[in-house]
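Q: I would like to learn how to read the features of a protein model, one at a time. Could we go through them together, with the general idea before each case?

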Amino acid sequence: MTIHTVQRSLWASCLIVSILLLYWTDSTRGYFAAIDEAKTSKNCFCELEGSINDCSCDVDTVDHFNNMKIFPRLQSLLVKNFFRFYKVNLRQECPFWPDDSRCAIRFCQVENCEEQAIPQGIKDKGEHKEKAAFKYTREAQVEGGACSDGEDFDSSLGFLDTSISDQAHREFELWAKHDEAEEDFCIVDDHEEGSQYVDLLLNPERYTGYRGESAHRIWKSIYLENCFGGNNETANKFSSYVPHMDLRDVCLEQRAFYRIISGLHSSINIHLCSKYLLSESKDFLDPQGIWGPNANEFKKRFSPETTGGEGPHWLRNLYFIYLVELRALAKAAPYLRREDYYTGIAEEDEEVKLAINDMLSVVENFQSHFDENALFSSGIASIKFKHDYKEKFRNISRIMSCVGCDKCKLWGKLQTQGLGTALKILYSEKLNLATESGLWDKPHIEADPIFRLSRTEIVALFNAFGRLSNSIYEMENFRRVLR
């Protein structure tokens, strides 16, 4: 056998091996083959990664920050008395259509809170508004409360003050309330007749069985009547959502509004999937049934096949709203550190203040906060956008009164109010003025500061952010199951 013959034989062998390798790679995709995008979207659609869009942050950064630092802190904080009792009006009539779809399922009901279970300090705080108005009454002047003769250093001013009628004082108070309400993004109903304290720990957010036309009407009204660009022509056949491709043609403010609402909706759906009614057992050991994660329900609500390819985008919007509310906490941190978080239980109140301070420090150290200044920065047009934001969001908070399931209504109102409080913080001129003037650095702040949040707003703010934190944490659990 010649050398040329051996070379030809070796070349032929190499060619055969190469052909076999190419065939094996093509049939098995090989060990280092590129990931099949279609297959990935089907089986690992919740394996989000990369940019969240409209933010300088990515999914992995938020996952690690939330699951390792924020979620554990919130879990221990939100069980404290200050945050577990939320005052809300669940009896408010729906202002848009007849309330003819009450949920009859037992899991829709809100368990009443025993009066004696509410710390006295919380109830006293709730009555503060009525007590604050007392100084303007005739009785307060007669009883020599805050304006006795000995304290009236300017007699002429004192004379002029007493000439102002009670009716004028009431009008001044209404003006002040109107001025304060101008910065609100949602309707606050905790002072209305029919409002009551609800123990959130006794009424966890979970699947209730509330579905059908009534539930669809709620979200359809929110998306198609209140989101910018939402209409029946662009909504896809899978839901009333605006297809994400349509959002490319709208401005940043309009897109952000939709993504905030979509993120809230996604978060609520994740809660229902993670606390799903697996068995309506009425055994002695499980009188409330058996609850747990339902991966199939999660896939149904978010997989590309069942959502026309929109599901992964909805999940990404969850991260967007998380960053919005995270930034609100960071911006309001100087104010929130001044709060007493008073319940009358001294030891616990001190623990809560320390826990709040610790969590706010972690929040402030986050490196990629949402930039609220990117919105409403287009001069005259921004004024109209901000007004439209408030009107649309207030309307959404009214729609929550139309929910036919009381437990769903409770959590819908709380999360809507929490989000509205976050937007109020981000776009409050009064908060900006107070911060720029160094008000929060002063050792004492007057009883009526420039910027103020009610106890109900603070409770809603932290619990709403807690719900978003819980959703991102549960996403990791669903990832493990769906792998």
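Q: Which residues in α12 meet which residues in α20?
A: This is a predicted model, in which local features need pLDDT of at least 70 and side-chain atom pairs count only at pLDDT 80 or more, while totals for chains, interfaces and linings use all residues. Residues are numbered from 1 along each chain as its sequence is written, and side-chain values use heavy atoms, with hydrogens and water left out. Helices (H or I, at least four residues) and strands (E, at least two) are DSSP runs numbered from the N terminus, and contact means heavy atoms within 4.5 Å. On that reading, A295, F298 and K299 in α12 meet M475, F478, V481 and L482 in α20. By class (Ala, Val, Leu, Ile, Met, Phe, Trp, Tyr, Cys and Pro are nonpolar; Asp, Glu, Lys and Arg are charged; the others, Gly among them, are polar), this contact of α12 with α20 has six nonpolar, no polar and one charged residues.

Q: At what angle do α12 and α20 pack?
A: Axes are lines fitted to C-alpha atoms, for helices over the stretch in contact, and angles run from 0 to 180 degrees between N-to-C directions. Here the axes of α12 and α20 are 10 Å apart, and the packing angle is about 105 degrees. That makes α12 roughly perpendicular to α20, given that angles under 35 degrees count as roughly parallel, over 145 as roughly antiparallel, 65 to 115 as roughly perpendicular and the rest as oblique.

Q: How do the axes of α12 and α14 cross?
A: The axes of α12, which covers residues 295-302, and of α14 come within 8 Å and cross at roughly 100 degrees, and these two helices are therefore roughly perpendicular to each other. F298, R301 and F302 in α12 meet G311, P312, W314 and L315 in α14, and the residues of this contact divide into five nonpolar, one polar and one charged.

Q: How many residues does the largest nonpolar core have?
A: In soluble globular proteins, nonpolar side chains tend to be buried together. A nonpolar core is a set of buried Ala, Val, Leu, Ile, Met, Phe, Trp, Tyr and Cys residues joined through side-chain atoms within 4.5 Å, where buried means under 20% relative accessible area, exposed over 50% and partly exposed in between (1.4 Å probe, protein chains only). The largest such core has 106 residues, and those with the most contacts inside it are F83, Y322, L323, L336 and F462. Its largest share, 13 residues, comes from helix α14, residues 311-331. A second, separate core of six residues includes F107, L272, Y276 and L277.

Q: Which residues is F462 in contact with?
A: Leaving aside neighbours within four places in sequence, F462 is in contact with L74, L77, L78, F83, L329, L336, I356 and M359.

Q: How many residues of α20 are buried?
A: In α20, 23 of the 28 residues are buried, so that the helix is mostly covered. Helix α20 (residues 455-482) reaches 40 Å from its first C-alpha to its last, close to the 40 Å expected at 1.5 Å a residue, the expected span being 1.5 Å times one less than the number of residues.

Q: Where is Y341, and what is its phi?
A: Most residues other than glycine have a negative phi, and most peptide bonds are trans. Y341 has a positive phi of about 50 degrees although it is not a glycine. The residue is in the loop between α15 (333-336) and α16 (346-364), and at 1% relative accessibility Y341 counts as buried.

Q: How far apart are D54 and F320, in sequence and in space?
A: D54 and F320 are 266 residues apart in sequence, and their C-alpha atoms are 8.1 Å apart in space. D54 is found in the loop between α2 (37-43) and α3 (59-77), and is partly exposed, with a relative accessible area of 32%. Not counting residues up to four places away in sequence, D54 touches L252, R255, R259, F320 and F370.

Q: Is I218 buried or exposed?
A: I218, in helix α10 (residues 213-226), is buried, with a relative accessible area of 3%. The C-alpha atoms of I218 and I399 are separated by 6.9 Å, although these residues are 181 apart along the chain.
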